[in-house]
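Please find below a note for a colleague who is meeting this structure for the first time. The points are numbered so that each can be checked against the model.

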Amino acid sequence: MESSDFNEKMQATEEYQPISMWGYFGYEILFAIPCIGFILLLVFSFGGTRNKNLKNFARSYFCMFIIIAVIVLLMVVSGGAAAVFNSLS
């Protein structure tokens, strides 16, 4: 076996290396840190890692973050609108 074949196989296995249950737990805690976690979430989501599993996990976490942010924004806007209507009557 040539060394280039070996290197390609090692990259392929590194690229699809599974994440353990504790790894997911650790990344959840890491992404929950207010500023640094959000920056690392963006880095991992947009290609800062070779591991496809970590990249997909970061992307799903980022999508969930966006969904929650939109829901909170809608709640704030609707609460503000309700406060304005209550003050008018």
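1. The structure holds eleven aromatic pairs, where rings of Phe, Tyr and Trp (its six-membered ring) count as a pair if their centres lie within 6.5 Å, with planes under 30 degrees apart called stacked, over 60 edge-to-face and the rest tilted. In one of these pairs the ring centres of Phe 31 and Tyr 61 are 5.3 Å apart and the planes stand at 50 degrees, so the pair is tilted. This pair links distant parts of the chain, since Phe 31 lies in helix α2 (residues 21–32) and Tyr 61 in helix α4, 30 residues apart.

2. Before going further, please keep in mind that this is a predicted model, in which local features need pLDDT of at least 70 and side-chain atom pairs count only at pLDDT 80 or more, while totals for chains, interfaces and linings use all residues. Residues are numbered from 1 along each chain as its sequence is written, and side-chain values use heavy atoms, with hydrogens and water left out.

3. Phe 31 counts as buried at 5% relative accessibility, whereas Tyr 61 counts as partly exposed at 21%; buried means under 20% relative accessible area, exposed over 50% and partly exposed in between (1.4 Å probe, protein chains only). Phe 57 and Tyr 61 form a tilted aromatic pair, 6.2 Å centre to centre with 50 degrees between the planes. Both of these residues lie in helix α4, four residues apart, about one turn of the helix; helices here are DSSP runs (H or I, at least four residues), as strands are (E, at least two), numbered from the N terminus.

4. Phe 57 is buried, with a relative accessible area of 13%. Leaving aside neighbours within four places in sequence, Phe 57 is in contact (heavy atoms within 4.5 Å) with Tyr 24, Tyr 27, Glu 28 and Phe 31. One aromatic cluster is formed by Tyr 24, Tyr 27, Phe 31, Phe 44, Phe 57 and Tyr 61.

5. Which residues make up the largest nonpolar core? There are eight, namely Ile 19, Phe 31, Leu 41, Phe 44, Leu 54, Phe 57, Ala 58 and Phe 62, a nonpolar core being a set of buried Ala, Val, Leu, Ile, Met, Phe, Trp, Tyr and Cys residues joined through side-chain atoms within 4.5 Å. The elements that give two or more residues to this core are α3 (34–45) and α4, and α4 gives the most, with four.

6. A search of the whole structure finds one salt bridge, defined as a side-chain nitrogen of Lys or Arg within 4 Å of a carboxyl oxygen of Asp or Glu. The side chains of Lys 52 and Glu 15 meet in it at 3.5 Å, N to O. The two residues are 37 apart, with Lys 52 in helix α4 and Glu 15 in helix α1 (residues 3–15). Lys 52 is partly exposed, with a relative accessible area of 29%, and Glu 15 also counts as partly exposed, at 25%.

7. Thr 49 is found in the loop between α3 and α4 and counts as buried at 17% relative accessibility. The side chain of Thr 49 reaches the backbone nitrogen of Asn 51 at 3.3 Å. Leaving aside neighbours within four places in sequence, Thr 49 is in contact with Phe 44, Leu 54 and Lys 55.

Technical notes:
Polar contact = N/O pair within 3.5 Å; in protein donor to acceptor, adjacent residues only side chain to side chain.
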